[in-house]
Amino acid sequence: MKKLRVGHAGCGSVSIRGILPHITQPDAQEHLELVAVCDVDGERARAVANQFGAERSYDSFEEMVQASDIDLVIIATPIFLHASQAEMALRAGKHVYVNKSMALTLEEADRVMQAVQDTGFKLVSAPGQMLAPSFSKIRELVQKGDFGQMYWGFANNTGGGHGVETYQAGATSIRRDPTWYYKKPSGGPIYDMGVYSLHTVTGILGPVRRVTAMSGIVRNERRFDDQVIDVEMDDNTWMVLDFGNNCFVTVGAGLCHPGVHMYWGQLALYGSDGGVEISRLDDATGWPSELRILRGGSAELIQTPISEHPLLRGEHQNIQEPHIYVDIMHLVDCIRHDRTPVASLEHARHVVEVIEKSYAAAHTGVAQQIISTF
C-alpha cells in the first residue's frame with residue numbers, strides 16, 4: 001500500500017523530542033514518509049529536516065501545504081495558529097492531524113468543520129484520550145451502569161506548565177522563551193493542559209450541557225532569565241460542568257505546584273453504586289496505568305500498562321509523547337479504511353466551546369449553555 005507522504009509544521013520541543021522520532025521509526029515508516037518540515041525559523045527547519053531525513057524544509061506554512069506530493073499535514077505550531085492552518089491544509093487537499101487545542105473559539109472550530117465538509121478530507125484532533133484502553137474501559141463501565149447513576153467527578157491538570165523548555169539533540173538546540181504561555185489569545189493552562197481533562201470527562205460521560213467557572217491570575221509577573229513577563233492570560237481556572245441529570249464534574253488547571261494525590265492528570269468519577277479513580281498515571285502518555293474500581297465498599301485495582309496498546313511497542317515506549325503517535329496512526333488508519341475518527345473534529349469542537357464558554361462564565365458570573373454536541 002502506498003505510503004502517506006507527510007509535511008510536518010512546527011519544529012519546537014514537542015516535535016523534536018516526541019513526534020518526529022516516533023514517525024521516523026521503522027514500523028511507522030511502513031505507513032508514513034516524512035517529506036518536509038516547516039518552521040518560521042528557517043535555519044531550525046533545515047537542521048530538523050537533516051536530522052530526521054526529510055527531503056525539504058520550509059519557513060512558510062502556506063508554501064508547504066501547496067506541495068502536490070504531500071498527503072498529510074501534522075500541525076504542531078503555537079495554539080493560536082491551529083485552526084487557520086488546519087483549514088488552509090484541508091482546502092489545499094491534505095488530511096490533517098492538529099495538536100491540542102484545535103481552536104480557540106467555536107467560530108474558528110466551525111470554519112474547520114466547514115472545510116472538512118467541503119473537501120471530504122480527514123482530520124484528527126488531539127488529544128485522542130479515548131484511544132487509550134484505560135479511558136475506554138472507564139467509559140464502558142459507566143455506560144454499562146456499573147457505578148449506577150453518575151453523581152459527580154473531579155479532573156485536574158494542574159502543574160508547572162510548559163514554560164521554559166530546553167532540549168538538544170543532534171544539530172538542533174531549543175531553549176524556548178515562554179512569553180507566549182502567559183499572553184493572550186492562547187496562553188494559560190486550559191488550552192494547553194486542561195484540554196486533556198476536558199476531552200477525557202466528555203469522552204466518558206458525553207457532551208456538556210452547561211458550564212460555570214472561576215478564573216484569574218495569581219502571579220502577575222513571571223520571569224525568563226532577566227526578562228520580566230507581564231501575565232495576561234489566566235494561570236488558575238476551575239470549571240463546573242453540568243452533564244444533565246444533576247451530574248456535575250469539576251475540571252481545573254493552574255500553574256502551581258502539583259500534589260502527591262492531586263497530581264497532573266488526576267481523575268475520579270462517582271455514582272450511586274460505585275466509582276473509579278486513577279491510582280497511578282503513566283508519565284509519558286498521561287494515560288492511567290492503574291485504576292481503582294470502587295463497588296460495595298471494596299476497591300479493586302486494575303492494571304492498564306501502556307504496553308497493552310498495540311502501537312506502543314519497542315522503541316515507542318522510550319520516546320516521549322507516545323500518545324501523539326497513537327493519534328497520528330489513528331488518522332492513518334482512518335484514511336486507509338475510510339473510517340470516522342474517534343478523536344473527532346466534533347469532539348474537539350465541543351471542548352473548544354466548553355473552554356470559550358467557561359471564560360465567559362468566569363467573566364460574567366453567569367452559567368453558560370453549551371450548544372455543540374458530538
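User: Which residues of H1 meet H8?
Analyst: This is a predicted model. In it, Val14, Ile19, His22 and Ile23 of H1 meet Pro322, Ile324, Tyr325 and Ile328 of H8. The residues of this contact divide into seven nonpolar, one polar and no charged.

User: At what angle do the axes of H1 and H8 cross?
Analyst: The axes cross at roughly 45° and come within 9 Å. H1 covers residues 13-23, and H8 covers residues 322-337. That angle makes H1 oblique to H8.

User: And is that crossing left-handed or right-handed?
Analyst: H1 passes H8 in a right-handed crossing.

User: Staying with H8, how many of its residues are buried?
Analyst: Of the 16 residues of H8, 13 are buried, so H8 is largely enclosed by the rest of the structure.

User: What span should H8 have, and how far apart are its ends?
Analyst: At 1.5 Å a residue, H8 should span 22 Å. Its end C-alpha atoms are 23 Å apart, which agrees with that expectation.

User: What comes just after H8?
Analyst: Asp338 follows there, and it takes a positive phi of about 50°.

User: New topic: where is Val211?
Analyst: Val211 is placed in strand E10, which covers residues 210-216.

User: Why does Val211 count as buried?
Analyst: Its relative accessibility is 1%, and buried means under 20%. Val211 therefore counts as buried.

User: Which residues does Val211 touch?
Analyst: Not counting residues up to four places away in sequence, Val211 touches Met239, Val240, Leu241, Val354, Lys357, Ser358, Ala361, Ala367, Gln368 and Ile370.

User: How far is Val211 from Ser186?
Analyst: They are 25 residues apart in sequence and 20 Å apart in space, C-alpha to C-alpha.

User: Last one: where does Gln129 lie, and is it buried or exposed?
Analyst: Gln129 lies in the loop between strand E6 (123-125) and helix H6 (133-144). Gln129 is buried, with a relative accessible area of 5%. Leaving aside neighbours within four places in sequence, Gln129 is in contact with Phe135, Tyr196, His199, Thr200 and Trp287.

Methods
Residues numbered from 1 in each chain as written. Predicted model: local features only at pLDDT ≥ 70, side-chain atom pairs only at ≥ 80, totals over all residues. Heavy atoms only, no water. Axes fitted to C-alpha atoms, helices over the stretch in contact; angles between N-to-C directions. Helix = DSSP H or I, 4+ residues; strand = E, 2+ residues; numbered from the N terminus. Parallel < 35°, antiparallel > 145°, perpendicular 65-115°, else oblique. Left-handed = near helix turned anticlockwise from the far one by under 90°. Contact = heavy atoms within 4.5 Å. Nonpolar A, V, L, I, M, F, W, Y, C, P; charged D, E, K, R; others polar. Expected span 1.5 Å × (residues − 1). Buried < 20%, exposed > 50% of the residue type's maximum accessible area, 1.4 Å probe, protein only.
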